[in-house]
Amino acid sequence: MASDKTDVLHGSLSLMVLRTLDTLGPQHGWGIARRIEQISGETLELNQGTLYPALLRLEQMGWVSSKWGTSDNNRRAKFYAITRAGQKQLAAEAENWERISDIIARFMKPSGEIS
Amino acid sequence: MTQLRVLLQRLHGLLRRGSLEQDLDEELRSHLQMEIDEHVRKGMAPNEARSLALRRFGGVARTKEIYRETHGLPAFEIVLQDLRYGFRMLGRSPGFTAVAILSLALGIGANTAIFTLIHALILRPLPVSNPEELVQIRAGAQGGSQGSWTYESFEFFRTRSELFSGVFAQNNTRFNVAFGEQPTPVEGVFVSGEYFSTLGVQPVLGRTITSNDDAESGGPDGAVAVISHALWLARFVGDPAILGRKLVVQGTPVTIVGVMPPQFFGADVGKAPNLFVPLRLEPMILKQQSNLHSRNSWWLDVIARKRTGLPDLAFQSGLAAIGPRLFNDILPRRKGQAVSEYESWRLVAVDASNGISGLRKQFSKPLYILMGLAGLVLLIACANVANLLMARTGARRREVAVRLALGASRHRLLRQFLTESLLLAGLGSTLGILFAYAGCRALLALLSTRSLTVTLHVGPDPWVLGFTALIAVVTGVLFGAGPAIRATAEHSADSLKQSAQSFAGRSLAANLLVVSQVALCLMLLVGAGLFVRTFWNLTNQHLGYDPHNLYVATIDPRFAGFKDDSLTRLYSELYENLNRHPSIQSASISIQTPIASCCWAEFLSAPDATLASGEPKRTFMNNVSPGFFKTFGTRLLLGRDFNDRDTAGSPPVAIISESVAREFFPGVSPLGRHISLKDPLHQNVEIVGVVEDVRTRGLRAGTEYEAYFALFQSKPNYAIVEIRSSAGLGAAAALLRAQVQAFHKQIPVNADTFNEQVVRTALSDRMTATLAAFFGSLSLLLACIGLYGVMSYTVIRRTSELGIRMALGAQAPTVTWMIIRQALLLAMAGAAVGIPLALLCARLLTSLTPLLFGLEPNDPSTIAAVTLLLIVLAASAGYFPARRAARLDPVRALRNE
């Protein structure tokens, strides 16, 4: 029973999904997965399956919407698009992320105190 | 906001689980296909591409599982799973299930039925707009004992617009309406012009009565009336062209201008008026019997709507301020009284959001008591089910142990057990609701008599269903929690080894349950016994008349144009005709009958009384024809009855009751002496006879002073015809109608058995007695089932012990007695707890209100009889298991281990 009570952005994966949809426009699941792998320079071996529960959660939050369509090579696929609420959330989370990563980065700077 | 949204989405997901699953399948398939395509495009072999794609995806089944958890409500799904499992378990032991559900259904049904009545009669707000603003205006020294008003006082209230946004007056009555030939009684109400606007109800057809219609000669449309939905359907088959049709109401034609909606039954709960007539048409319809212009007739209910937004304090002080003007200037003052009789009065506004009701006063206390009794029945049923559940959890101990061993948490198992109990309670209450609605019909019949129907809307209602759901949950937890905690408390390793036989603790708990069942049952039975004997005492006391085979009909030939001499002639001819009729043993005519003779009481004096302090005494009067006492079976103690020589021309004569004789003429014969009333018609009337006292004001009231004058020496208007006949109501009513209407077709005749009128004064006693007896038998049955279950279980538990005893030479009767003795001990322990409790409750209840009649709350014979009954039944509940025990084969019993 992995129920996620706080329902904040589910880890960085959700953030990556929202960012991808924001830049690329509507995408199907495989497209999102490929994009995340490419951006990460193939260093992030994504377990592609974990993407789908994350997408469902985002949809339940109202941050993405989905509808069935046809892909470039004529396959039926479900396309996800970011909603207005999703964009707002993305902006907030991005700012949050920057702040946190900034703090973490300052901690991680070699300052001679670390033995 | 987002949380709610997610929840809704998940609920939605739950409902369309199937289609979401398909969606996901298809989505994943297309994902994998794209991945494979990609690899193939890069030159990989299709097989290899497929396995790489699957690897990179990372577990399709696992993804689906996580997905499923996300899109539904896992907690809810577990409940569903528990319910499915619960249904299976119940189905596996149908005997247990049937007994448990039936016990609960009876208990819950009884409570639902009584609550339905309480809700309909007492709690439910009127189906009008903003009912909470409605108040009934009453007055009196404390609490407002006086609820009726004169027309002048209503007019006074009507102009108090600083307090009320609307005020109306009403008077419930019964009209005789001519539908074709036969005048038919129709329940109706006189309503002032503000009635419908103050209540705020709209008609389904036409218009309501307005202030314009409320005028003595009729409004712009003449004399109008509004009819109920029920009358519209029954008499006019719902004809939409009803508006403008005329009804002849007691000889006066009125025009129908509107039809009310089906859920509107007026402001008097329990009555269902079918005809609403403007108040000021009353003189036109009732003619000589009109009250409208009488300063002394207190005949109107006054209901007002409080001005919206008026603070309560201002309202109360405003009410107090208008009181003196009303009491000093408007209300009739009795002549010759120095101090106003209203000195101590003050006005009160009683909440009327749930309407007003005469029934409420009569039935609310009995209903609350019955609610308590029904609660006891439910407790007994709960104890039964708890007992059954414990026996069953004993049998399920291995299952529990296995599940605990396999890693189920105790929490999870508790939940499973409670779900099963709640399931039982749910099924029980569903069946109970069905019982309740069947029961409510029967209950309403108990509240009604043939001529006076109580109409309460008792259809399914959210409040009632909510109440039932609540008691279902409470009972489910009550009987389920104990067994569930016990069942899951034992440690798995031990339980697995144990046989299903040795639990001393379980049998202690079971015994405690049975003892409390017996105690509760005894309390209920004592209550039932007291109420049944009260009703018996009421209906079998010496009344001074014999109410059986006696038929009465009120007639008023003035509606057919008879008056003065023609009226007197009609009565004397009718009297002759009836007494000549072969199937009538005795007939008479009077202007009152006992029970109904409420309305003519005066101060009687005796000018030649032997007692020095012969103060005038308030006495009930009646004018009766010869044969009245013979017809009623009232004994003539001294002198003679009236006869046909007592006519208008002969000296006036009277007959007095024995208490009047005792009061004015102690020790001497009153015959030949005289009595007087205040009016000139009744001065120095010679006493020619003395009759026994009769109970004239109902079964609970004592006797009153009574005096009778000769009917044919007075000028009767309306009258009551009485016949004694063994013909039965149908024949007697037909006979009365034929005899009366031989004079004129349009004379209304409403015949009834006299006994019906007598019983009507003890309706609430009848209801309490009948229901208490029913609940008592129900609880007895449940307690017997409980005892039987425990004794059967004891026999199984003690099988090996009994086997040893029998092998050592114990005889069958000894073994039988052993078991029966245990049942008796349980019953006696229950009685020992129950009797003091029953005494306490009976004392408490009767101290509140006079419920009992002719016996004390600690009536020893009732308690003894009830205890004896319980003990005999306990012995028989123990007998069958005991017989089984006595028939045990010792060898097999010993091997039973």
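Predicted model: local features only at pLDDT ≥ 70, side-chain atom pairs only at ≥ 80, totals over all residues.
## Chain A at a glance

Let's start with chain A, which has 115 residues, 30% of them counted as buried. Chain A holds 4 helices and 3 strands. Reading from the N terminus, the elements come in the order α-β-α-α-β-β-α. If you take the contacts in chain A with a separation of 6 or more, 45% of them join residues 24 or more positions apart.

## Two helices crossing in chain A

Now look at helix α2 (residues 29-39) and helix α3 (residues 51-61) of chain A. Their axes are 11 Å apart, and the helices pack at an angle of about 110°. Angles of 65 to 115 degrees count as roughly perpendicular, and α2(A) and α3(A) are therefore put in that class. The crossing of α2(A) past α3(A) is right-handed.

Which residues make the contact? On the α2(A) side they are A:G29, A:I32 and A:A33, and on the α3(A) side A:L51, A:Y52 and A:L55. By class, the residues of this contact come to 5 nonpolar and 1 polar, with no charged ones.

## How chain B is divided

Chain B is assigned four stretches as domains: domain 1 (2-72), domain 2 (131-353), domain 3 (360-540 + 763-895) and domain 4 (557-747). Notice that domain 3 is written as two pieces, 360-540 and 763-895. Between the C-alpha centres of domain 1 and domain 3 of chain B there are 56 Å.

## Where the chains meet

The contact between the chains draws on 25 residues from chain B and 22 residues from chain A. On the chain B side, α1 (2-15), α2 (17-41), α3 (46-57) and α4 (60-71) each supply at least two residues. α4(B) gives the most, with 8 residues. Sorted by class, the side of chain B that touches chain A has 7 nonpolar, 10 polar and 8 charged residues.

## A helix pair in chain B

Chain B has a helix pair worth a look too: helix α6 (residues 94-123) and helix α23 (residues 763-797). They pack at an angle of about 155°, and their axes are 11 Å apart. An angle over 145 degrees counts as roughly antiparallel, so that is how α6(B) and α23(B) are described. α6(B) passes α23(B) in a left-handed crossing.

From α6(B), the residues B:V99, B:S103, B:L106 and B:A110 meet B:F775, B:L778, B:L782 and B:I785 of α23(B). Those contact residues split into 7 nonpolar and 1 polar, and none is charged.

B:L520 sits in helix α17 (residues 504-540) of chain B. Is B:L520 buried or exposed? Its count of C-beta neighbours inside 10 Å is 26, so B:L520 is classed as buried. Beyond its neighbours within four places in sequence, B:L520 touches B:L376, B:L379, B:I380 and B:S779.

Setting aside neighbours within four places in sequence, its contacts are B:P557, B:R558 and B:F562. From B:L567 to B:D556 is 11 residues along the chain, and 9.5 Å between C-alpha atoms.

## Positive phi in two loops

Most residues other than glycine have a negative phi. B:Q250 has a phi near 50°, a positive value in a residue other than glycine. You'll find B:Q250 in the loop between β7 (246-249) and β8 (252-259) of chain B. Why does B:Q250 count as buried? Because 20 C-beta neighbours lie inside 10 Å of B:Q250, and the cut-off for buried is 20 or more.

B:N549 is the other case, with a phi near 55°. B:N549 lies in the loop between α17 and β12 (550-555) of chain B. Having 17 C-beta neighbours inside 10 Å, B:N549 counts as partly exposed.

Methods
Residues numbered from 1 in each chain as written. Chains lettered and ligands numbered in written order. Buried ≥ 20, exposed ≤ 12 C-beta atoms within 10 Å, placed from the backbone. Contact = placed C-beta atoms within 7 Å. Domains from an automatic or database assignment. Axes fitted to C-alpha atoms, helices over the stretch in contact; angles between N-to-C directions. Parallel < 35°, antiparallel > 145°, perpendicular 65-115°, else oblique. Left-handed = near helix turned anticlockwise from the far one by under 90°. Nonpolar A, V, L, I, M, F, W, Y, C, P; charged D, E, K, R; others polar.
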